[in-house]
2 protein chains.
Amino acid sequence: MADEILSEGSHTTEDTFSFQEVQLAFRNRGMPAEGLCLPITPTGMHYLLNHWDIPAVDTSTWQLKITGHVENTINLDLSALRKLPVVKMPVTMECAGNGRAYMKPRPINQPWTHDAVSTAEWTGTPLKGVLEKAALTEDALEIIFTGADRGIQSGQDQYYQRSLSIAEAMRDDVILAYEMNGAPLEPQHGYPLRLIVPGWYGMTNVKWLSDIEVVSEAFNGVQMMFYRETSGAGDAGTAIETIKVRSLMAPPGIAVFPSLERQLEAGPVTLTGRAWAGKNQISRVEVSTDNGTSWNDASLHESLGKFAWRGWNYQWQATPGKHTLISRATDSEGNVQPLEQVVTFYGVGNNGIARVEVNVIP
Amino acid sequence: MADEILSEGSHTTEDTFSFQEVQLAFRNRGMPAEGLCLPITPTGMHYLLNHWDIPAVDTSTWQLKITGHVENTINLDLSALRKLPVVKMPVTMECAGNGRAYMKPRPINQPWTHDAVSTAEWTGTPLKGVLEKAALTEDALEIIFTGADRGIQSGQDQYYQRSLSIAEAMRDDVILAYEMNGAPLEPQHGYPLRLIVPGWYGMTNVKWLSDIEVVSEAFNGVQMMFYRETSGAGDAGTAIETIKVRSLMAPPGIAVFPSLERQLEAGPVTLTGRAWAGKNQISRVEVSTDNGTSWNDASLHESLGKFAWRGWNYQWQATPGKHTLISRATDSEGNVQPLEQVVTFYGVGNNGIARVEVNVIP
């Protein structure tokens with residue numbers, strides 16, 4: 001349909017999107033904004049970003065392999081994994097590229113609006129226990145996690161691979177998850193096993209996990225070099241790792257189809273949404289109903305867990321006319337969401353505020 | 001981001017897509033093409049088209065109401081529905097707009113590529129039994145099904161409504177479904193209750209079903225007037241109802257990210273896919289590996305059920321170079337998939353073939 005071929009590192013200043021970007025949008029699902037009303041996102045409403053095809057893993061032969069700089073090589077099938085100590089945890093996950101569609105210029109890649117965040121309950125066994133059984137050798141520096149999904153990116157035929165430092169991998173709350181929301185993982189979410197690293201952007205939570213390799217040198221694979229704040233392809237820049245403070249609002253009122261404009265009746269309305277901050281906690285959410293001219297504090301709901309988003313609400317008296325609503329979160333380290341989009345070369349790490357436009361009718 | 005406001009009945013000859021179309025693509029999920037390898041689509045991989053917000057239905061007070069031209073008004077809560085006779089059935093569902101993105105000119109609406117088809121197992125009770133208890137009066141002509149989802153379309157503030165003829169509603173296989181793939185419906189698929197009319201396009205399978213009203217006059221609501229083959233907004237045209245014969249292929253080889261081009265190694269490869277035809281059966285699937293110059297019959301897999309897609313496969317000897325692969329299905333009534341896209345005013349009812357481009361490497 002379009003002759004243009006997408007490649008990483010290309011940008012556009014156009015407001016319009018290519019056929020390939022639309023293809024990506026359909027393969028990679030967003031969470032509808034009203035999903036912000038639910039503390040736990042239903043599995044089929046959870047956002048999804050897969051680089052390549054969803055692999056079909058045959059669990060009659062599948063084993064998780066732990067190899068490399070370890071005293072004991074370990075193979076574990078699914079039933080062996082299920083016999084290990086069990087943890088269950090709500091974790092908010094966000095794609096590092098969430099909000100890319102609002103960047104100008106726009107990096108050509110998955111054109112997320114603000115849909116790439118969700119919270120699920122993950123069940124599995126702590127990675128730490130498995131690594132302790134493997135017994136890392138003294139020269140161990142990093143751990144490479146490999147998924148069963150294979151494809152081509154940056155010119156390389158590869159399986160999906162990300163690494164973690166030993167310190168990060170040995171955190172008590174990093175889990176080898178075989179259940180999502182109380183049921184075995186669905187294929188598109190990584191069946192049979194997915195790494196869950198609470199607080200990190202989605203790319204670190206390797207799906208279809210098949211290999212854990214302990215290495216003594218820093219790993220610089222394709223997926224390590226993409227998720228960076230950089231001035232360009234030649235600059236290594238800084239890795240994007242843990243999720244930055246952010247908030248979103250469930251748009252009030254009702255939608256117009258197909259424009260998705262919002263209409264609301266005048267009167268009192270409870271604005272509600274969620275805020276999250278990776279490894280940090282949410283300390284404040286402010287709401288503006290006049291496009292950022294004035295701000296008021298929202299009420300924070302009880303915490304669902306250390307790594308889960310926090311609900312908030314704010315009472316608003318809606319008056320007829322057009323209004324621009326914004327929420328802005330602050331985390332426990334004093335980081336505040338920026339009022340402008342954070343434009344980066346690959347479009348990762350943006351935590352700028354979202355604007356919700358509503359038309360209030362009498 | 002873009003000033004253009006979408007409205008039904010507008011079209012574009014551009015190859016590029018508006019911000020609003022991308023928003024729709026993220027809200028309304030496609031089935032990744034490799035989902036064609038699975039006989040039953042996992043719930044979170046099933047395609048999704050919601051016109052407006054997903055409503056939060058409170059089942060502590062929710063009741064299905066059957067009213068209008070009946071002898072007995074009936075109210076049924078979820079536990080009462082679960083006590084009625086149970087049926088479970090695999091049903092292939094497809095959005096009437098599937099493939100809209102390939103139309104030229106392109107109607108401005110949900111810009112589906114070929115993602116809007118899936119098959120789930122639906123469990124519920126036959127509608128017929130409930131209607132018999134209600135006892136339709138002699139003047140009953142149609143039945144209006146109303147969902148709890150509310151929004152604005154064609155300038156009207158409305159709940160989603162579609163009607164069926166009495167004959168169609170009384171079919172043995174039309175069900176009031178409360179489970180999808182063996183679990184309660186997820187919110188985005190219509191929790192707590194969805195109408196399933198096997199063989200019809202998705203718009204008839206009303207989600208969040210709350211009211212069934214028997215009427216004595218033809219219903220011409222907004223959702224009845226949109227799903228039509230028409231020459232324009234002033235022409236009623238012909239209703240699009242049951243799913244036309246169609247087939248798709250799971251693209252062989254591996255994907256390039258983010259362009260989604262396909263690469264494949266030379267040698268023998270089993271091409272596989274699914275074909276479906278609404279109320280009709282699949283009698284033949286042909287495959288072309290030379291962009292339609294020559295055709296060969298594929299092998300059909302066993303049927304999963306009367307209203308479910310049929311698997312097929314075809315053995316291909318892939319030679320180096322670029323190839324355009326096509327599948328074309330024929331149904332039990334002799335209808336054959338057209339080789340060109342069927343361009344209609346609202347972009348509904350297209351069952352044209354899909355082209356899969358692959359680059360075969362030595």
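Two strands count as paired if DSSP finds at least two bridges between them. The model described here is predicted.

**The five-stranded sheet of chain B**

By that rule, chain B holds an open sheet of five strands, in the order β3-β2-β12-β7-β8. Its pairing is mixed. The edges are β3 (74-76) and β8 (156-165) of chain B, each pairing on one side only. On average, neighbouring strands of this sheet are turned by 25° against each other, direction ignored.

| Strand pair | Sense | Bridges | A bridge pair |
|---|---|---|---|
| β2(B) and β12(B) | parallel | four | B:Ile66 and B:Ile212 |
| β7(B) and β12(B) | antiparallel | six | B:Ile144 and B:Glu213 |

β2(B) and β3(B) also form a hairpin, with five residues between them. Strand β7 of chain B spans residues 142-153, and β12 of chain B spans residues 209-215. In a regular strand, side chains alternate between the two faces of the sheet.

**Helix α3 of chain B**

Helix α3 of chain B covers residues 127-134. Its buried residues are B:Leu127, B:Leu131 and B:Ala134. Seen down the axis of α3(B), these fall within an arc of 55°, so they line one face of the helix. Two strands of the sheet, β2 (64-68) and β3 of chain B, are among the elements that cover them. The cover also includes β6 (117-126), α4 (166-169) and β9 (175-180) of chain B. Just after α3(B), B:Ala135 takes a positive phi of about 60°.

**Where the chains meet**

Which helix gives the most to the side of chain B that touches chain A? It is α1(B), with nine residues. The contact as a whole takes 57 residues from chain B and 57 residues from chain A. On the chain B side, α1 (19-27), β7 and β16 (254-255) each supply at least two residues. The chain B side divides into 28 nonpolar, 19 polar and ten charged residues.

Helix α1(B) is mostly covered: nine of its nine residues are buried. Among them are B:Phe19, B:Val22, B:Leu24 and B:Phe26. The buried residues of α1(B) also include B:Glu21 and B:Arg27. Part of the cover comes from the other chain, in the form of α1 (19-27) of chain A.

B:Val22 shows this at the level of one residue. Beyond its neighbours within four places in sequence, B:Val22 is in contact with A:Phe17, A:Glu21, A:Val22 and A:Ala25, among others. Its contacts also include A:Ala101, A:Pro111, A:Thr113 and, within chain B, B:Phe17. The largest nonpolar core has 176 residues. B:Val22 is one of those with the most contacts inside it, along with A:Val22, A:Ala177, A:Ile196 and B:Ile196.

**A residue in chain A: A:Met89**

A:Met89 is found in strand β4 (residues 87-94) of chain A. Is A:Met89 buried or partly exposed? A:Met89 has 19 other C-beta atoms within 10 Å, whereas a buried residue has 20 or more. A:Met89 is therefore partly exposed.

Leaving aside neighbours within four places in sequence, A:Met89 is in contact with A:Glu121, A:Trp122, A:Asp173, A:Ile175, A:Pro198, A:Gly305 and A:Phe307. A:Leu136 lies 47 residues from A:Met89 in sequence and 26 Å from it in space, C-alpha to C-alpha.

Notes. Residues are numbered from 1 along each chain as its sequence is written. Chains are lettered from A and ligands numbered from 1 in the order in which they are written. This is a predicted model: local features need pLDDT of at least 70, side-chain atom pairs count only at pLDDT 80 or more; totals for chains, interfaces and linings use all residues. Axes are lines fitted to C-alpha atoms, for helices over the stretch in contact, and angles run from 0 to 180 degrees between N-to-C directions. A nonpolar core is a set of buried Ala, Val, Leu, Ile, Met, Phe, Trp, Tyr and Cys residues joined through C-beta atoms within 7 Å. A residue is buried if 20 or more other C-beta atoms lie within 10 Å of its own, exposed if 12 or fewer, and partly exposed in between; C-beta atoms are placed from the backbone. Two residues are in contact if their C-beta atoms, placed from the backbone, lie within 7 Å. The arc is that of the directions from the helix axis to the C-beta atoms. Ala, Val, Leu, Ile, Met, Phe, Trp, Tyr, Cys and Pro count as nonpolar, Asp, Glu, Lys and Arg as charged, and the others, Gly among them, as polar.
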